[in-house]
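Please look through the sequence and the model first, and then follow the points below.

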Amino acid sequence: MDEAESTTGTAPAFDEDLFGEAPPADAPEGNRAQAPGRARRRAASPKGPPARRVRVMLPLPIEIPNGGAYDYRIPQDAPLPETGSFVAVPLGGREMLGVVWDGEPDPNLAEGRLRDVIGVLPAPPMRPALRRFVEWVAAYTLAPPGAVLRMAMSVPSALEPAGQQAGWRLSAAGQAAQGGAPGYRMTVHRRRVLDVMEPGEPRAGAEIADEAGVSTAVLRGMAEAGLIEPALLPRPRSFPRPDPEHPGPVLREEQAESAEKLRTSVAARAYGVTLLQGVTGSGKTEVYLDAVAECLRQGRQALVLLPEIALSSQWLDRFRARFGCAPAIWHSELSGRLRRATWRAVAEGEAPVLVGARSALFLPFPDLGLIIVDEEHETAFKQEDGVIYHARDMAVVRARMAEATCVLVSATPSLETLTNAEGGRYAAVNLPRRHGSAGLPEVTVLDLRKGPPERGRFISPPLIEAITETLARGEQAMLFLNRRGYAPMTLCRACGHRIRCPNCTAWLVEHRAQRRLQCHHCGHAEPIPPFCPECGAEGSLTAIGPGVERVQEEAAVLFPDARRLVMASDTIPGPAAAAEAARQIQDRQVDLLIGTQIVAKGWHFDHLTLVGVVDADLGLAGGDLRAAERTVQLLHQVSGRAGRAESPGRVLLQSWNPEHPVMQALVSNDLPAFMAEEAEARRPGGWPPFGRLAALIVSSEEERAADRVARDLGLAAPGGEGIQVLGPAPAPLAMLRGRHRRRLLLKARRDVAVQPLLREWLSRVEVPNAVRVQVDVDPVSFL
Ligand code: ADP
Ligand code: ZN
């Protein structure tokens, strides 16, 4: 890679103040992110580099000097591309796509070392706000800028001209054959193809083959026979425009007041963050959809981030009811074609509203006016591999760079967000009551010490009784257990052996329906062995503990007449299955729902009045910094599914530890008091949000290599006022996917910028190729 010669360049403008002590929205311009348009000034600069040179950032996940960009030359006869343009350039022996980046090319680089830009792609240039965002995320997470850029260029085909995809259409001969004209060699397959085609309507080959149930070879044969001919596919339909004036529900007074505040913020077309807090079922969604409407009136784009877009069929229905059409959608399961069309529509400003998963933050919105982060407390917003970032925090940054409003929505906001709201850095609006006549459900703890389930069972007598009553009234009940599969562990009764994953520090989970043992960390799966792999005893293996499958088995015995449905990520494989399950529940085709956390999220079922939590203590083990906070959030959310319509709801929490503050907070429904205590527990030790954390995760297939690097990092650890390094220590998941893992944790006072410290620290330790060091700034998982 001889292009890596450039050495100078501007480092990203990193504002380490942005979190926590960020200046308020009306801060003077000087505190804002770098202003756009600096590249334009380059040409006018008297001592600037030779003209016709540009810096090009490539989507490569490697560290490159010069701020992550390479220098290239624009050929004499070609126009100078605008900064942000997507260009094709040579790199080594290949051609790559990149983005013309801001900043000065290296004037000392000899002309002979430069290679020419091959061409400019016909796509809207990447806007300054997105370029600044890419730099900011890279600087904050310590990821190479190219790795972040890669997320913003996730659909390279979208950079090519639209409408160029090739497909097939009927030829004149094909139309004749379709009409039954003789003289064409017909087979059953060819006939089926003709049946699915319409004259004058080109279609993609894969689509035709799929619908006709033939292979694409049949299409090639038909083309040779002259029955079909190649044709360009029409440009995919642009996205419908949601209508802000479409009649929506009439907001009640407290909703209207909150909505008004959000609308004012959107109309100000400036950066600002608001926490929209409100109990489950209080109508938060309708309130923020009103802000979306205002954003549409302003002619700007709106982005809604949901933690589980695949589970959001009901949300999409509500959106359609409010705006008369569906929004654009972005998640990992989109087909290639739709992905491309969506990326392009966003870039051209033709998708006014997009709802998506965290990666949607990196889409090329030319004029983003509003970002909603629904269920902002959800850990699903944290990306844990590749570029490790928290989409909720980065949404705030994205909004700032786009001069947009950001709304963080939750019934149980994270302590980070609450603290920002209390400190006045975020505005806050609150909906304290449920919509309509629905009250909040009554929460009771069932003390398992006093009334345990029968031996080998998991549903206690009082919970059985409550379910029986509920079902007898014709209402629906739900059993919640946040664990997939049948049993979390398999034990040999003869020798005490427990079956572990060969690649991870984890027990294998029994999935009885598939007769397999599975690792939930690496995906390893094996058949359930007929005898103990350790001592060879036959019939000695026993399932220990429950998963949802086992609860369902028990429920089948206890409530044989109830129509049961299990909802877990492996039984509900995708958006269509989730939508179908939701429909069945809402249509009362299900009496008893049994599910993992996927049933906790956002659903609204009118007839569900009882929620039974099988193991309320589950999330509290492990001693993670946020274990209690997260358990309260999850159990509160799952409780919120009960009694959302007229009939009152009831929640029963099975616990061995009813005095635990988490259970008490849920019973008294006093989450603010719980969070205040949580804050007071973290403040003295300087734990987040009162201090900063960054984790280093050292991993290698060679245990000794991992240990050596971990030890060296420990020895080179930074010190000083307000800085502390914990570890190295084996990670709780000491082995993951065959890699040995060690952790170090940097803890720093809030006023310490951790990124420079981390950079310096890492530069002092040599890391061999066999070892990887991941940096996790603001870690959420401590595994
Ligand atoms: P949250 O997001 O706070 O849990 P939702 O926005 O889902 O609450 O609202 C709960 C229920 O109340 C939904 O079925 C919603 O359609 C209904 N709802 C909320 N606000 C209104 C309103 N102003 N008019 C009619 N129905 C409403
Ligand atoms: Zn594993």
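Which pocket holds the space taken by ligand 1? The space that ligand 1 takes is the second largest pocket, and the protein around it is a predicted model.

**Surroundings of ligand 1**

- Ligand 1 is surrounded by 17 residues, and the closest of these are Val250, Gln255, Gly281, Lys284 and Arg318.

**Polar contacts of ligand 1**

- At valine 250, a polar backbone atom lies 2.8 Å from a nitrogen atom of ligand 1.
- Serine 282 also takes part through its backbone, where an N or O atom is 3.2 Å from an oxygen atom of the ligand.
- Lysine 284, by contrast, takes part through its side chain, in which an N or O atom lies 2.8 Å from an oxygen atom of ligand 1.
- Ligand 1 would expose 550 Å² if taken alone, and the protein buries 79% of that area.

**The second largest pocket**

- The second largest pocket, the one whose space ligand 1 takes, contains about 840 Å³ of space.
- Its lining is made up of 40 residues, and those nearest the centre of the pocket are Thr285, Arg318, Gly602, His604 and Arg644.
- The elements that contribute two or more residues to this lining are helix 8, helix 9 (313–323) and helix 16 (627–639).
- Among the contributors to the lining, helix 9 gives the most, with five residues.

**Backbone features**

- Proline 688 and proline 689 are joined by a cis peptide bond with an omega of about 5 degrees, and proline 689 is placed in the loop that runs between helix 18 (671–682) and strand 28 (691–700).
- Another cis peptide bond leads from glycine 727 to proline 728, with omega near 10 degrees, and proline 728 belongs to strand 29, which covers residues 723–736.
- Arginine 269 is not a glycine, yet its phi is positive, at about 50 degrees, and this residue sits in the loop between helix 7 (253–267) and strand 8 (272–278).

Definitions and conventions:
Residues numbered from 1 in each chain as written. Chains lettered and ligands numbered in written order. Predicted model: local features only at pLDDT ≥ 70, side-chain atom pairs only at ≥ 80, totals over all residues. Heavy atoms only, no water. Near = heavy atom within 4 Å. Polar contact = N/O pair within 3.5 Å; in protein donor to acceptor, adjacent residues only side chain to side chain. Areas by Shrake-Rupley, 256 points an atom, 1.4 Å probe, with all protein chains shown as cover. 1 Å grid on protein atoms, 1.4 Å probe; cavity = no way out; pocket = protein on both sides within 12 Å on 5 of 7 lines; lining within 4 Å. Sits in = over half its atoms within 2 Å of the grid points. Points joined across faces, edges and corners; volume = space filled by probe spheres on them. Helix = DSSP H or I, 4+ residues; strand = E, 2+ residues; numbered from the N terminus.
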